[in-house]
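I opened the model and went through it one feature at a time. These are my notes, in the order I looked things up.

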Amino acid sequence: MKTLSYQTLEENGYEGYLLKNAPERMIQFGEGNFMRAFAEDFIDQMNEKAGFDGKVVLVQPRPPVPGSFSLKKAINEQDGLYTLYLRGSENGQKVNQKRIISCVSRCLNAAADFEEVLKCAENPLLRFLSCNTTEAGIVYDPSCRFTDRPASSYPGKLTQFLYRRFQVFGDQPGKGFFILACELIDDNGKELEKCVRKYAEQWKLGADFLAWLEKENVFCSTLVDRIVTGFPQAEADALNEENGYLDSVMDTGEVFGFWVIEGPQSLKDELPFEKAGLPILVTGDHRPYKQRKVRILNGAHTCMVLGAYLAGQDIVRDCMEDDVIRSFMNRAIYDEIIPTLPLPEAELTDFAASVSERFRNPFIDHALLSISLNSTSKWKTRVLPSLKDYVEKTGKLPVCLTASLAFYLAFYHGRKLTDAGLIGTRPKGDEYTVCDDREVLEFFYAHRDDSAGALTRAVLSRSDYWGMDLTGIPGLEAAVSEDLKRIEEEGAYALMKRTLV
């Protein structure tokens with residue numbers, strides 16, 4: 001079987017959309033599964049539906065690992081082409097979309113091909129720069145030097161790239177970049193800009209360069225939302241056989257996708273999102289949409305999964321088929337989380353409905369245990385703000401969110417500490433491993449013999465975990481302690497039922 005390429009598709013009589021030749025108009029630092037199933041999907045659709053006519057240069061930010069699979073080599077051998085499957089549920093119906101992505105021109109490696117990367121900055125048609133270098137990518141490392149080839153940190157590499165752009169086009173207006181940061185940190189674009197400016201000052205690149213950064217470049221903070229499941233290892237052979245070509249970099253994700261970009265409205269004139277009918281929003285403030293995602297989608301996960309796991313469930317989709325668990329989650333979302341959020345109610349309820357459909361995705365077996373990782377920080381970030389706002393707004397405790405804290409205590413109440421984590425036991429006798437920061441696991445292990453009341457007080461008073469002493473929230477300690485006793489006596493499922501009365 002031949003490798004996927006334009007020639008192979010031509011020989012196979014492929015009649016779908018392809019864009020073989022177009023100028024490189026975007027460079028992307030980050031070549032992983034997520035961006036290829038998210039940003040490149042949208043760029044490819046803009047090419048087809050809105051005449052964007054642009055290719056994307058992918059750049060691997062990290063050095064190649066000798067002897068490992070080379071995504072760069074595979075992408076280049078396939079002419080930048082790969083097959084993307086987007087799967088899920090829409091209006092209660094299974095959806096399985098296939099698209100050959102043809103907007104990628106080539107893939108470079110920042111370490112091995114840095115001069116070639118810098119040459120991209122000399123392309124007058126290059127206008128957009130996107131990045132997703134993981135949460136650890138946007139970090140200022142003062143040990144980086146301008147003469148490094150390349151700088152070890154991503155912001156250092158970006159500063160070198162932007163300085164080359166300034167050297168070539170610094171006297172021409174309109175030749176800076178829209179920089180779309182997609183890393184999963186708060187205010188990603190602003191944080192990236194801070195790092196770049198620090199390097200410009202540390203490396204003494206001059207006042208003119210700093211002024212050019214400010215005037216000609218727009219660092220956009222963004223929110224990205226799509227579950228990407230990556231290379232379909234178990235299905236790859238069958239899919240290649242069905243397609244009639246060998247694709248070693250195919251990608252999979254859910255149908256739902258949403259991109260919020262904090263930037264000027266002029267961006268829509270240059271990136272034709274709306275003309276292509278894409279779920280992309282350009283706004284002056286992305287934070288309310290991030291808050292919506294964190295509190296509703298992520299908050300629903302964190303609120304529900306620990307109790308559902310203790311109740312005997314293993315994957316999210318099955319939870320949605322259980323009337324009690326689904327109703328518990330919905331009450332948390334609609335009665336306790338949505339009333340605390342600032343966006344219009346219709347937008348919030350529409351998003352909540354999409355969350356329920358995403359959780360039912362028939363193509364993704366989303367394990368509850370995988371979601372349970374690091375639940376201490378997740379509960380603090382995703383659930384606690386809603387609980388506090390609800391109390392402030394109503395003067396009462398939110399029943400489901402309060403119960404979720406008791407589920408957390410019960411889930412973490414393990415009896416054995418190993419190198420892998422804290423070992424807990426479900427009511428049916430099967431063991432599971434709690435994974436979190438070692439100090440957290442050691443703390444819970446030290447309190448393994450506590451009564452429900454003592455454990456509740458010990459955990460809620462850990463202000464270093466929560467950013468505050470939770471025993472100071474009126475009635476919370478007593479309510480959580482009572483819920484924890486009920487879990488111990490009747491089970492997590494029984495507590496969920498009680499919240500619905």
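Contact, in these notes, means heavy atoms within 4.5 Å. Helices (H or I, at least four residues) and strands (E, at least two) are DSSP runs, numbered from the N terminus. The model is predicted, so local features need pLDDT of at least 70, side-chain atom pairs count only at pLDDT 80 or more, and totals for chains, interfaces and linings use all residues. Residues are numbered from 1 along each chain as its sequence is written, and side-chain values use heavy atoms, with hydrogens and water left out.

**Helix H14**

H14 has 15 residues and covers 21 Å from first C-alpha to last, close to the expected 21 Å. Next I listed its buried residues (under 20% relative accessible area, 1.4 Å probe, protein chains only; exposed is over 50%, partly exposed in between). Among them are Leu348, Phe351, Val355 and Phe359. What do the buried residues of H14 pack against? I found strand S8 (218–225), strand S9 (251–254), H11, helix H12 (316–320) and H13.

**Thr340**

Thr340 sits in the loop between helix H13 (323–337) and helix H14 (345–359). Its relative accessibility is 13%, so Thr340 counts as buried. Beyond neighbours within four places in sequence, I noted contacts from Thr340 to Arg295, Ser386, Asp389 and Tyr390. With Arg295 there is a side-chain polar contact of 3.2 Å. The term means a pair of N or O atoms within 3.5 Å; within protein, one must be able to donate a hydrogen and the other to accept it, and residues adjacent in sequence count only if both atoms are side-chain atoms.

**Aromatic rings**

I used these cut-offs: rings of Phe, Tyr and Trp (its six-membered ring) pair if their centres lie within 6.5 Å; planes under 30 degrees apart are stacked, over 60 edge-to-face, the rest tilted. The structure holds 33 aromatic pairs. Trp379 and Trp466 have ring centres 5.6 Å apart and planes at 80°, so this pair is edge-to-face. Trp379 lies in helix H16 (residues 375–382) and Trp466 in helix H21 (residues 463–466), 87 residues apart. Trp379 and Trp466 are both buried. One aromatic cluster includes Trp379, Trp466, Tyr408 and Phe444.

**Nonpolar core**

I took a core as buried Ala, Val, Leu, Ile, Met, Phe, Trp, Tyr and Cys residues joined through side-chain atoms within 4.5 Å. The largest has 73 residues; Ile296, Phe407, Tyr408, Leu409, Phe444 and Leu470 touch the most other members. Helix H11 (residues 287–310) gives the most to this core, with 11 residues.

Definitions and conventions
The expected span of a helix is 1.5 Å times one less than its number of residues.
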